[in-house]
Amino acid sequence: MKAENTYSIKDFKVLGISHWNTPVAVREKYSLNESLIHEIKAFAKEQGIDNLLLLSTCNRSEVFAFTDSFEKLAAVFLHFGKGELSELQANSYQKSGEAAIRHLFEVANGLDSQILGDFQIVSQLKNAYQSGMENGLINTELSRLVEQVIQCSKKVKRKTQLSSGAASTAYAAVQHIKKHNSKLDNNEVLLIGTGKIGRVTCKNLVKHLDHNHIRIINRTQSTAEELAETYGLQCGNFDEIEKEIAKAGIIVVATGAPVSVILPEHLDGITEKKIILDLSVPRNVHPDIDQINNVEVIDMDHLEDTKSESLAEREASIPKAKAIIDTFIETYSEWLDMRSIAPTIQALKLKLKNIKEQEIQKELAGSGELDSVRLDAVSDRIINNITKQCVLHLKKNYKNETLSVQAIQQIFDLETELQS
């Protein structure tokens, strides 16, 4: 573990797995449940990681940290996930230094999202940051970085069209329903789950579909009733999930549960065609259901990327958004560089202060007041002491004499004096 105040940009690393190159069936094995944050903290400490940001969504699981080893980050995935090392190596990506920092900025600004400009990721990042802060996993360098990322996302949202119009995962789900519900005899919609994804989906369903045909169920009945009342929808009973599924032609599942919520037996004996959209990772719809006749399961990997005018506007905003990101990365890098040399500056100040105090004490050991002559003598000895340190450095580093001489000339701005 590195001591406090010694991290530099090259120490920042990310190990992740995302929707871009990994199917959901593999991705869900490495989904890191935030409820395990206490255990993850303890494990990270054992690995020698004293800071960590865990970002786990439907489309990605990523671990960010200032650390000296990708292996330590991989150990977190393997200890808390369900996959093997070989599978993780085959599907994951790793970045370090500025590339890792840029990746975090681009993820937070929706540039790496399944739906370009989907800013829901910012809320997820804030939650991950808050959880990390509450559990002592965010150090000063990481805190400053995330705060810069959040500030950057606000500016990108304000100054560009990257998040304009209606285009998000929830919106894409609704568009899929609108495109395909004509194939169904039954256009009743059942929404399962009232968490963050469920609520966003509910808002989109109400906005774009006939709300008289939408029902909500949730394991906690009171939250389902509250959401149903907010939007004037019907509320069902989660304990009767089989009956609720039987009533619907379209089922949207967004519970965020770590296990399957809809099981094959819930669809026993169905005869009419149904479409099930699973917006969760790990998947909340059992994989075997995709084999049942008359049932079409659409998971995150198969959700259509709704190409719309909004997305065209967003694509045109990418260069401007990246330019804003560049300025924030530069600001953060300068801050981190200054932070890394701060201990040296403090040590130099202390060294010079000690030289001054030693010389004054020597002079005070004699009799009489410190008049201008004696103060001049003290000053000369301080100058000689500092000069001696420089000479010793030059002698010790004579093999790199040119570099050392240039450094001293630059520090004390000696070019003018040498030319005169």
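How many disulfides (pairs of cysteine sulfur atoms within 2.5 Å) does the structure hold? The structure holds 0 disulfides. This is a predicted model, in which local features need pLDDT of at least 70 and side-chain atom pairs count only at pLDDT 80 or more, while totals for chains, interfaces and linings use all residues. Residues are numbered from 1 along each chain as its sequence is written, and side-chain values use heavy atoms, with hydrogens and water left out.

**Cysteines**
- Cys 202 is in no disulfide, and the nearest cysteine sulfur, that of Cys 235, is 11 Å away.
- Cys 202 is buried at 0% relative accessibility, whereas Cys 235 is partly exposed at 28% (buried is under 20% relative accessible area, exposed over 50%, partly exposed in between; 1.4 Å probe, protein chains only).

**Surface patches**
- Lys 155, Arg 158, Lys 159 and Lys 320 make up a surface patch of positive charge.
- Helix H7 (residues 140–159) gives the most to the positive patch, with 3 residues.
- Arg 158 lies in helix H7 and is exposed, with a relative accessible area of 58%.
- A nonpolar surface patch is formed by Met 338, Ile 341 and Ile 345.
- Ile 341 belongs to helix H13 (residues 318–364) and is partly exposed at 38% relative accessible area.

**Helix H5**
- Helices are DSSP runs (H or I, at least four residues), numbered from the N terminus.
- Buried residues of helix H5 (residues 98–108) include Ile 101, Leu 104 and Phe 105.

Notes:
Helix = DSSP H or I, 4+ residues; strand = E, 2+ residues; numbered from the N terminus. Patch = residues over 30% accessible without salt bridge, like charges linked within 9 Å, V, L, I, M, F, W, Y side chains within 5 Å. Areas by Shrake-Rupley, 256 points an atom, 1.4 Å probe, with all protein chains shown as cover. Salt bridge = Lys/Arg side-chain N within 4 Å of Asp/Glu carboxyl O. Lys, Arg positive; Asp, Glu negative; His and termini not counted. Charge placed at Lys NZ, Arg CZ, Asp CG, Glu CD. Disulfide = S-S within 2.5 Å.
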